[in-house]
Every structure is written in structure tokens, then in C-alpha cells.
Amino acid sequence: MHIADVTFQRGTRAILTDIRLSIAPRSVTVVLGPNGAGKSTLLGCMAGLLRPTSGSIRIGDDDVHALAGPERARTIAFLPQTPEVAWPIDVEAFVALGRIPHQRTASAAVNRAAIERAMTITDTARWAGRVVTELSGGERARVLLARVLAGESSWILADEPFTGLDPSHQFEAAELLRNFAHAGGGVVLTIHDLSLAARIADRIVLLHEGVVVADGPPADALSSDHLRNVYGVETEWLIASARHQTPIIAIHGRHVR
Amino acid sequence: MMAAHRRWLMPLLIAATAVLAIGSVLVGKITLTWAMWSAQDEITRTIFLELRVPRALLGIVIGMALGLAGAAMQAYLRNALADPGTLGISAMAALGAVLSMFFDVAGLHPWALPIAGVLGGIVGMAVLFLLSGLTASALTLVLAGILLSTLAIAGVSLVLSLSPNPWAAGEIVRWMLGALTDRSIDDLVFATPIIAVGSALILSCREALNALTLGELGARSLGIDLSSIQWRLCIGVGLVVGASVAVTGMIGFVGLVVPHLLRPLVGARPSALLIPSAFGGAILVLAGDIVVRLLPGGSEVQLAVVMSVIGAPFFFALLYSLRRRLV
Amino acid sequence: MRVLTLLLLAILPVVSNAAAKPARIVSLNLCIDGLLIELAPREHIAAISHYSRDPWRSTIADIAQTLPITYEAAEEVVALKPDLVLAGRHSALATRNALKRVGIAFELFDVPMSIAESHEQVRHLAALLHEPERGEALIARIDAAIERARPAAGTPRLSAAVYQPGGLTAGKKTITDELMHVVGLENLPARYDVRQHRPIGMEELLQAPPDILLVGDTTETAATHAERIVNHRALRALGSRMMRMEYPARLLYCSGPTMIHALAALSNARDGALRNRNAHPLERVSATPYNATGSAR
């Protein structure tokens, strides 16, 4: 995905300014930044749901905004920040919603197969008859991902998919997304938690006030200097234990100028 | 894994509709016996063909229209309180129709009155979409509906009270409390095509209404063109409600009660609720119309009164159960 | 002695008032307006009700255009400085109370339910107006009209029903019922427990179709539900059995001189229907066409 000179203005405020990125599939890219940095806006533009004031977003040769709705939806699956479930439908029907972009282009059998695959991967098949709105937070997160996976798109864009999840569920979701990336898809996420981002990202894009401040592997992008400038906190990159190599970003305190 | 228990729903609804339609044709102040029918008596034939049959058919058509409109509005607005009556669409259609009478446009052509009703309905839907905006909380919607309803009903009363027509005062009541009494085949002929077109428009939105389960952003991410849906629903519901109200006056609560009762039986999927709600609406209207004719008394009670007696407590119970989600 | 003089002086105005002929009369009721115009000299009529100018409701619309009218609000009435106000028993209570407070005398009139009651009302009003001879003259004219309207001996008795917009008909104990009787028509709705005026369902009407359907006139565009019913297809379907004759709604509301018009309309209807029967024994032709806009609209 090529993001070229994207600027997004709302009224007189510039939410994003001259963003230039090239994101490759087969990797998990995380967009980080404080509140108001423009993460959700950037993700929305990438998904073709928000139109940038200037610049373009292309996947291969296609401008994302020039694609017809269903075609775009077949290429990019989007998980919004606060996923709404308006009606108490059952899990299987909910996952089936992910096939809507394929209604005209795939047969019923193909759709059925995709739904089953998605539910198997996410281990949600056993809840097929249960009502989505009655599931717990972690269960619902898996079902939401199943819906996204059922669409069999080449890209998954998710806005803060881990908020409010227990640590084990966070891991589950992260693993599903990593597997998707390894299988050849492109994943772009926004995350709030710095340590989680450090753990799962192959590449981090750090946004500050609508501008890309850092772009690279976690160790580089989340250096103490960058974090000091963007978040105003003193941080230190730690490895929790030699055995697990799990990075933790310890926040020592606020930066005092 | 379409649960087996759902497969009996449509056949049951269709059968119930047929049974009630037959019942409607048989019920009335005058008892039509088989002897009278087989004698091919002109009077019996006239009563049967010109009064009973149109009334039953109209009951089906109007019931389907109101049930479908209610289910569609609830699906789009993602709110179980939506219904053409509660959100003021029926009232706006009545206003359109009454204005056409007042300005003597209605008499120019037989189609003028239903079209005026349709225009009123479409304007009502457009205003509703404008007022409810993107993040329509239940409270905003209900308030928008009250606003539309009040304005439209005040408009109807004002227009009719200014009308030089000597029967205007009675007419106000007839519009506010609709009925199927003494309607003719002509009413059926005018209402049915308009309702058919509107229903087709609404049904073309089935997929989008399902996608809206994920909210507006989620639906758009699935490739749904929301503005196209808005147009189709605006015009579709306007056509369906406008034609119904132009022919019978305002009959409320059908679109509220029926989708709510059928929702658990179709697994709450919005698209699966549309056609069953249409039949459910037909069943409710036919049943109500039969009750109207079985009630004692000289003149017939208006159908809308029976619907209100059923619907108002239902609405109250619904509000009560949703109260935590209202604000 | 002085006390006696004072007493005499006190009762004198009452006595003289009782003897005085009303010179400024106001009527607040459509039907009384009709009587008033017949019974009182024009200069004594201060105002009649505004309903009289409505050609749909009033048989004296033309004359009413030349007379002052009132909208029956208390202040209007008081400003007219009447010495007699005539109102119906069901006129606005608030208005009547206001008149009472100001001390204006008014007389209430009921709706007559028979020809005899109507005559009595005419006499009563004539007496109030100090015009007894005019009263008798009017009654004589009405009686003459009644005699003229009676059918010739041996005339077949046809059945009829009044059918106004909204399905409104006249039942038992109405003037219309009695007039139909006079004219030699059988009032069918009277059979169905229709008391006074109330709507009759179309099925009820059609199960035993009357020979004559006395249909009210509808407005040009006839778009209201009430009016459309008068042009219902079902009526057309049985049109060969029922002869439609025009009978405007305004003839239903009042008695007195209106009865003369009503009798004329009823006789006309009876004669028209009989002629039709004799001329086309098998085929009936409707005298009043269905609404000009074609279909039942």
C-alpha cells in the first residue's frame, strides 16, 4: 500500500500533513501516537472511508478511493474502534456479514466455505448458534475477527482492536493477526499500549500531531528520544527476561524540561 | 445452519394471512349465507365484490405496507422504536394528502391524492434523516419523531379547519383515525402499484440493512453506499406509507408491533425480518378489521382506534424495557 | 301614597316592556334565521347568523347576503344593542352566559322533531315578534305545500333513503322522516334502528336497496372521504335498482319554511322515480350522474 503525500484537513485544522508511507504485506504495521495524533484518521483514509484533502492512497496500481465499494471491501477489511452490534444476531450470521462484499461475485458454497474457515481459525465454530451480544468481551473480540477474516481480503486494518481485552485475549487476537500476515496479508493496526505494540509489530509508524515522526522496527521507532518528544515521558526499553525476549517499555515518569 | 424452527415461519404467516382474509370477507353487519351466494343475487354479489373483497385485499396491502415500512425503518435507524407512526411519517403523508384537498389539486386527477400523500411521506423521511444525523441515539430519534408528528397533525387540523368544505371537521377525525370502512376497488387500484414499487425499493436494500448491523462505519467498510440506501429508503418508505395513508388515513403501531414480535423468530437479522413483517402486518390489520366489524354498535369503530388500543400499551412496555438504553 | 306611586312606577316599565314590539332582533341560529326572515319586517332584523350565507347549509343564502350577519360572539351581539336574541338550545353556553351577565334577554329554541312541533314553534316565535298574522300565513303556506305534496290516490309507494356525504341518513323521529311519509315514500333507514341522523353503513344500505337514493350534492372536487362514499362503485353497481335523485344536505337541518323546499324536492324525487319506472320498466336511468371527475373520486 502506497500512501503518497496525504493531507487531511477538517475545517482549518490539519489532522494529517504530508504523510508518505509504503506499507508492504506480510507484515504487521502498527501506527502509534498520542490521542489526537491522527491515527484513526490515517487508518480511515487508508481504508477508503475518509477522503484525504490531498494526496492519494494506492494499493498496487489502484487508487483506494477510485474503487467501487464492494471491490474495495474485498481488498480491505476494516474493524472500527467501537464495533457496534445493533441486533442480537447469532455468531454465524454475524460472521456471514463479512461475506457481503462477495455476494455478487462468489457462489453460496464458496461463501459458506469461507465462513467456516474463518470460524475454525478463530475457534468460534462452537458458538455458532449463540447470540453475539451475549458473549463476553474476549469471545466477542474473536467473533469480530472471524467476521473480518471471513471476507478473505488481502488487507486488514483495525483501529484499536485490543482495547478492553484481558491479556490472554490480547495474545489470541495478536496471534491471529500475525498468522494472517504470515499467510501473505497486510495488517495495519492502531494500538494505544506501547509495550503491546513493541511486542507484536514488525514495523512502527509513530505519529505526532499529524506528522510521521518515526518509521521503522520497534527498537528504532520507540527509542527514548522519540517517545520523549511525542509523549513527553521518560522511557526505557527493557527486555523482561533473557529467555522470552519480551520487550517492555518502562515509563519512568514525565519529562521535565 | 438455518435453524429448522425458522422454516415454518413463512408458511405459517402466509397461511394465517389467507385464513384471515377469508374471515374478513365473511364478516360484516349483514350475514351472507351460501344460499344467497348461490342464488347469484345481484345484491349479494355487489356487497361481496364491491365491498367485502376490496376491503380484505386492501387490508392485506395496507398491512404489508405498514409492516414492511416499520421493519425497514427499524433496520436502518437501528432502533426498535422506529415506525412510520411514531416517527411522524404517517402524519406527514396525511398532511400532504390534506393539502392537496385544500388546494383543490386532489380533484384534478384520481392519482393526485395518493401522490400528494407520497410526497408528504418522502419529505417526512428526508427531514427525519436530517434530524437524526449520523449518531442517532434513541432519544434523538424519538424526539425528532414527536416533532414531525406534532407539526404534521397541527398542519392537518389547521388546513381542514380553514377549508370551506362543509364536511371538513369530520374529515379531520377520519384522517387522524384511519379505517378500511367502505373503501372501494378504486382505492385498491391506486394504492397497490405505488406500494409495490415502494416495497421493491425497500427490498433492494436488504443486504445493506444487514451490513448496518455493524454500524454506519462498519457497513461502509463492507462496501455499502450509504447515500444510495438513504435515497432508496427515503423514497421507498415514502411511497409505501404515503399511498397507505392517502387511502385509509393514519393507522399506527402496525410497523412497531409486528417487527418486534417477529424479530426473535428470524434470528434478529434485519433482512430476514422484512418479508415476514409484511405478512405479519397484513395479519394484524386483517384481524383488527374483523374485530372492528364484530364490535357492537351502530357505526363501525375506526380501525386506528383498535390498533391504538393494542399498540399504545405495547409501545409503553417497549419503552420501559429499553429505558436504560434510551439516554 | 308615595310608596304606591313608586310601586306603580316600578312595574310600569316591566309592563310596557312586555308590550313593546322587538325592534332590534338578533338570531344566532341557522334555522331561526329562516323563520325570522319570514316573520319579521326587514328593518327589525339587526343581524342573523353567519351560517345563513353558506350556500351548502342554508336555503336563504342569497337573501342572507343582503342582511347583516354576526359570528355569534358575545361582544358582537352586545354591540348590536338587541332587544331580543334568538338562539338554539345547543348554542354555545359561554356566549349565552355572557349575554345573561350583561342583561340581554334571549329566547331558546329546540329542534322540532315533527311537523306539529314546527308549527308550534312558528306560532311561538310569531307571538314573540308581535306578528301573529304573519305566523299564521306562513303556517298556511306550509300546510298548502304539504297538501300539494301528497301523492295521488293509488300511487305506488316507493322506498327511499337519504344518503349524504359521510353516509349520513335520516331515521325515525326526524322531520325528514315525516315529510317522506307525507310525500308517500317509505323511509328505509327508519327500519334499521337509525335514530335521528347518523351514518349508515353501505352494507346496511345495500342489503335492501331503496327505490330512490336521495343523494346530497358534493363539492366540485369531492376529494374528502365523506364525499367519495356518495360516488362509491357499489352504489353504481346497483344503480339499476336505485334511482339517484338530488337531495341537498341543507334540506335536512331545518324545519319551518325549509320544509316547503324539502317537500318540493321529495315530490320531485317521487315523481321522477315513478316516471322512470313507467318509461323504462327494465332499465333504470339515474337522474343524478356520478361525480364529474369520472371514477368514484
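Of the 2 pairs of chains in contact, chains B and C share the most contacts, where a contact means two residues whose C-beta atoms, placed from the backbone, lie within 7 Å. This is a predicted model, in which local features need pLDDT of at least 70, side-chain atom pairs count only at pLDDT 80 or more, and totals for chains, interfaces and linings use all residues. Residues are numbered from 1 along each chain as its sequence is written, while chains are lettered from A and ligands numbered from 1 in the order in which they are written.

**How the chains meet**

Let us start with chains B and C. Here 28 residues of chain B touch 32 residues of chain C. On the chain B side, α3 (42–77), α7 (168–176) and α8 (185–203) each give at least two residues; helices (H or I, at least four residues) and strands (E, at least two) are DSSP runs, numbered from the N terminus. The largest share, 6 residues, belongs to α3(B).

Chain B also meets chain A, with 21 residues from chain B and 24 residues from chain A. The elements of chain B that give two or more residues to this side are α9 (206–211) and α10 (215–221), and α10(B) has the largest share with 5 residues. Chains A and C are not joined by any contact, and their closest C-alpha atoms lie 41 Å apart.

**Inside chain C**

Chain C has two parts to look at: domain 1 (22–145) and domain 2 (158–279), with bounds that come from an automatic or database domain assignment. Their centres, taken over C-alpha atoms, are 28 Å apart. In the contact between them, domain 1 of chain C takes part with 19 residues and domain 2 of chain C with 16 residues. Helices α2 (30–39), α6 (115–128) and α7 (132–149) of chain C each supply at least two residues of the domain 1 side, and α2(C) gives the largest share, 5 residues.

Ala, Val, Leu, Ile, Met, Phe, Trp, Tyr, Cys and Pro count as nonpolar, Asp, Glu, Lys and Arg as charged, and the others, Gly among them, as polar.

| Side | Residues by class |
|---|---|
| Chain B, touching chain C | 11 nonpolar, 8 polar, 9 charged residues |
| Chain B, touching chain A | 9 nonpolar, 7 polar, 5 charged residues |
| Domain 1 of chain C, touching domain 2 of chain C | 11 nonpolar, 5 polar, 3 charged residues |

Chain C also holds an open sheet of 5 strands in the order β3-β2-β1-β4-β5, with parallel pairing; strands pair if DSSP finds at least two bridges between them. Its edge strands, each pairing on one side only, are β3 (69–70) and β5 (106–109) of chain C. Strand β4 (residues 84–88) of chain C runs parallel to β5(C), joined by 4 bridges, and C:L86 has C:E107 in β5(C) as its bridge partner.

**A buried strand in chain A**

Strand β7 (residues 155–159) of chain A is largely enclosed by the rest of the structure, because 5 of its 5 residues are buried (20 or more other C-beta atoms within 10 Å of a residue's own, with C-beta atoms placed from the backbone). In a regular strand the side chains alternate between the two faces of the sheet. Here A:W155, A:L157 and A:D159 point one way from β7(A), and A:I156 and A:A158 the other way.

β7(A) pairs in the parallel sense with strand β6 (residues 76–79) of chain A over 4 bridges, and with strand β8 (residues 186–190) of chain A over 5 bridges. A:W155 is the bridge partner of A:I76 and stands opposite A:G186 in β8(A). From β7(A) the chain crosses through helix α6 (residues 167–182) of chain A to β8(A) in a right-handed β-α-β crossover: with the strands pointing away from the viewer, the path from the first strand over the helix to the second runs clockwise.

Note on methods:
Buried ≥ 20, exposed ≤ 12 C-beta atoms within 10 Å, placed from the backbone.
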